[in-house]
Amino acid sequence: MKALILAAGYATRMYPLTKEQPKALLPLGNQPIINYIVDQLNTLPNLNEIIVISNHKFYQQFETWSTQVVSAVPISLLNDGSTNEDNRLGAIGDIRFTLQQKNIVSEDFVVIAGDNFMTYPLLEQYEFFLAKSSDTICALKLEDKQQLTQFAVATLDETNKVVSLVEKPENPPSNTAIFATYFFRKETLPLFDEYIQTGNVPDAPGYFIQWLYQKKPVYAYIMNGECHDIGTIAAYETMQKTLDLSKISKISKINALKTLKTEGA
């Protein structure tokens, strides 16, 4: 299995913080946001590569980061060639670009947004994915209707199979918010090319799921913990103030300590 961390966006909503630094490399606690994702990915068995896709503007910063991060799983970088908001590929476009550039056709594939901070064990979602033997998304019940309008919102049956999904609805049909962590079976990967070639929106991955569940079964893992989408300055500042180190995985704590030792060397 291979993993992709989506980090090619320009995060204009977080200017000036992200004008000269990618959002995924903003510090949270003792290490960059993306390190926590790498730590979680390192808990997955059979994972043989972590791919980080960046835009051209920030690619060199990710090159520097890749020489410092601690990971048992090899990390590789991709440059999607975009230079600004006007010529970016979009998240789904970046997934398709990665599949083509890395020639990924015969392995399962996990995709995570580079601005996600999760406290639930990613391993649990992977085990759910294996048990269902189907594409799997990550969900959390939210009661704030205004907050729900910022997410893809799914309706599930009694087995957690997706029966409807709408990206950022004005009137949410349920309280099940979908976060940007996806496990895809290898048989699904060619559908990214079909999705783009038929003129669909290449941006938020939720649009792909909205299209995908009508073609094949998609299930939702209800997370045992929390996931935070750090998409605004307010959300980032809140995370800095409320970060609970006790909820961070043991691996993340070890990596954070190594980061501190490196900085103090």
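Predicted model: local features only at pLDDT ≥ 70, side-chain atom pairs only at ≥ 80, totals over all residues.

Reader: Okay, why does Ile233 count as partly exposed?

Author: Its relative accessibility is 23%, which falls in the in-between range, so Ile233 is partly exposed. You'll find Ile233 in helix H8, residues 233-242 (helices are DSSP runs of H or I, at least four residues, and strands are runs of E, at least two, numbered from the N terminus).

Reader: What is Ile233 in contact with, leaving aside its neighbours within four places in sequence?

Author: Arg13, Met14, Tyr15, Pro16 and Leu17, where contact means heavy atoms within 4.5 Å. Take Arg13: Ile233 and Arg13 are 220 residues apart in sequence, yet their C-alpha atoms are 7.6 Å apart in space.

Reader: How do you know that Ala131 is exposed?

Author: Ala131 has a relative accessible area of 67%, which is over the limit for exposed, so that's the label. Ala131 belongs to helix H4, residues 122-132.

Reader: Which label do Asn46 and Asn160 get, exposed or partly exposed?

Author: One each! Asn46, at 60%, is exposed, while Asn160, at 22%, is partly exposed. Asn46 lies in the loop between helix H1 (33-41) and strand S4 (49-54), and Asn160 in the loop between strand S9 (152-156) and strand S10 (162-167). Phi is near 70 degrees for Asn46 and near 75 degrees for Asn160. Each is a positive value in a residue other than glycine.

Reader: Why are H6 and H7 called roughly perpendicular?

Author: Helix H6 (residues 190-197) and helix H7 (residues 205-212) pack at about 100 degrees, with axes 11 Å apart. The labels go like this: under 35 degrees is roughly parallel, over 145 roughly antiparallel, 65 to 115 roughly perpendicular, and the rest oblique. H6 and H7 therefore land in the roughly perpendicular class. The axes are lines fitted to C-alpha atoms, for helices over the stretch in contact, and angles run from 0 to 180 degrees between N-to-C directions.

Reader: Which residues make that contact between H6 and H7?

Author: Leu191, Phe192, Glu194 and Tyr195 come from H6, and Tyr207, Phe208, Trp211 and Leu212 from H7. By class, that's seven nonpolar, no polar and one charged (Ala, Val, Leu, Ile, Met, Phe, Trp, Tyr, Cys and Pro are nonpolar, Asp, Glu, Lys and Arg charged, and the others, Gly among them, polar).

Reader: What makes the protein as compact as a globular protein of that length?

Author: The protein has nine helices and 13 strands. Its radius of gyration is 17 Å, close to the 18 Å from the globule rule for 265 residues, so it is as compact as a globular protein of that length. That radius is taken over C-alpha atoms, and the rule is 2.2 Å times the number of residues to the power 0.38. Along the principal axes, the C-alpha atoms fill a box of roughly 55 × 40 × 35 Å.

Reader: How many of the 265 residues are buried?

Author: Buried residues make up 51% of them. And of the contacts between residues at least 6 apart in sequence, 76% join residues at least 24 apart.

Note on methods:
Residues numbered from 1 in each chain as written. Heavy atoms only, no water. Buried < 20%, exposed > 50% of the residue type's maximum accessible area, 1.4 Å probe, protein only.
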